[in-house]
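Welcome! Take a moment to look over the model below, and then we can walk through it together.

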Amino acid sequence: MKIGIIGVGDIGGTIARKLAVAGHEVRVANSRGVDAVRDFAGEIGAIPSDARGAVKSAEAIVLSIPLTALAKLPDDFFDGVPAGVPIIDTSNYYPDLRDLRIAELEAGKVESIWVSEQIGRPIIKAFNNILSESLATKGTGEGARERLAIAVAGDDAESKRIAMEIVKTVGFEPLDTGSLAESWRHQPASPGYCCDYDAETMRKGLTLANEAKRVEAREKIFKRIQSFDRPLMPSDLPALNREYNGVA
Ligand SMILES: NC(=O)c1ccc[n+]([C@@H]2O[C@H](COP(=O)([O-])OP(=O)(O)OC[C@H]3O[C@@H](n4cnc5c(N)ncnc54)[C@H](OP(=O)(O)O)[C@@H]3O)[C@@H](O)[C@H]2O)c1
């Protein structure tokens, strides 16, 4: 499959590497043009591109850039992309920690719906509730015991099916979490967020999710992280999530 990946940082770069290894034709891009991704593309067996080139003729697109950068993509960015091509977005809203506060999200708009509105296209929300280190190191073969799950939400069945196949290819169990409207259930600080759960436990987390409690937990967790006198470690977020809003 021809897959275009915009953003080759911790998440996008890991997805790109795994999909290239699996034999897909992967085009990678960041915001700085083709030369800026040439070395990385060569290293992982992908095709270096600029952002527009990565989406042109792609059969699936992965957006893995900061949420605020999504809002700044050019208005015509997806104009040549057929409606059936899934646009898979990995983003999360991290107010104060990384992102400026966004009034609509503060008022409770679901993050994936806000992203869809910003880019003018429906998205599939996936890879938002797995930490980059887990994504890079904890994948397994299909059917493995204790295979970790990744939530996948969206309104188009065929686009979601393709996104779920991509999740499987990179070594995780895709968990269909329903529509975009329901995808707040795996936003940051929800019980099913970034805790390295198998599908059954993550499903329990989705069921337990409560929006008011999630927002309260997120504010506490982000304040704790801001007060750290050391860099954030991969184990910190699961520990804090479990402490403030875990699956009992
Ligand atoms: N890190 C995690 O554990 C994790 C887990 C789940 C979800 N996420 C979400 O996944 C997304 C990516 O996270 P990350 O940790 O991989 O970020 P990252 O390591 O900071 O990488 C971001 C990538 O996006 C590129 N980029 C930034 N602005 C861009 C633009 N306007 N156009 C094209 N490319 C652009 C950056 O390259 P240049 O700046 O050089 O262009 C870089 O390659 C975020 O929305 C994050 O919330 C992260």
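## Around the ligand

The ligand is surrounded by 24 residues, and Gly7, Gly9, Asn30, Ser31 and Ser91 are the closest. Here a residue is near a molecule if its C-beta atom, placed from the backbone, lies within 6 Å of it. Sorted by type, the shell around the ligand holds 10 nonpolar, 11 polar and 3 charged residues. In this count Ala, Val, Leu, Ile, Met, Phe, Trp, Tyr, Cys and Pro are nonpolar, Asp, Glu, Lys and Arg are charged, and the others, Gly among them, are polar.

Helix H1 (10-21) and helix H4 (67-70) each give at least two residues to this shell. H1 provides the largest share, 3 residues. Helices (H or I, at least four residues) and strands (E, at least two) are DSSP runs, numbered from the N terminus.

## About the model

This is a predicted model, in which local features need pLDDT of at least 70 and side-chain atom pairs count only at pLDDT 80 or more, while totals for chains, interfaces and linings use all residues. Residues are numbered from 1 along each chain as its sequence is written.

## The sheet

Next, the strands. Eight of them are listed in the order S3-S2-S1-S4-S5-S6-S7-S8, forming an open sheet of 8 strands with mixed pairing. At the edges are strand S3 (47-48) and S8, each pairing on one side only. Two strands pair if DSSP finds at least two bridges between them.

S4 and strand S5 (residues 87-89) run parallel and are joined by 3 bridges. Leu63 has Asp89 in S5 as its bridge partner. H9 packs on the sheet, where it touches strand S7 (149-153) and S8, and its direction makes about 25° with that of S8. Axes are lines fitted to C-alpha atoms, for helices over the stretch in contact, and angles run from 0 to 180 degrees between N-to-C directions.

## The nonpolar core

Which residues touch the most other members of the largest nonpolar core? They are Ile5, Ala16, Val28, Ile88, Ile150, Val152 and Val167, out of 64 residues. Such a core is a set of buried Ala, Val, Leu, Ile, Met, Phe, Trp, Tyr and Cys residues joined through C-beta atoms within 7 Å. A residue is buried if 20 or more other C-beta atoms lie within 10 Å of its own, exposed if 12 or fewer, and partly exposed in between, with C-beta atoms placed from the backbone.

Beyond its neighbours within four places in sequence, Val152 is in contact (C-beta atoms, placed from the backbone, within 7 Å) with residues including Ile124, Ala163 and Val167.

Technical notes. Contact = placed C-beta atoms within 7 Å.
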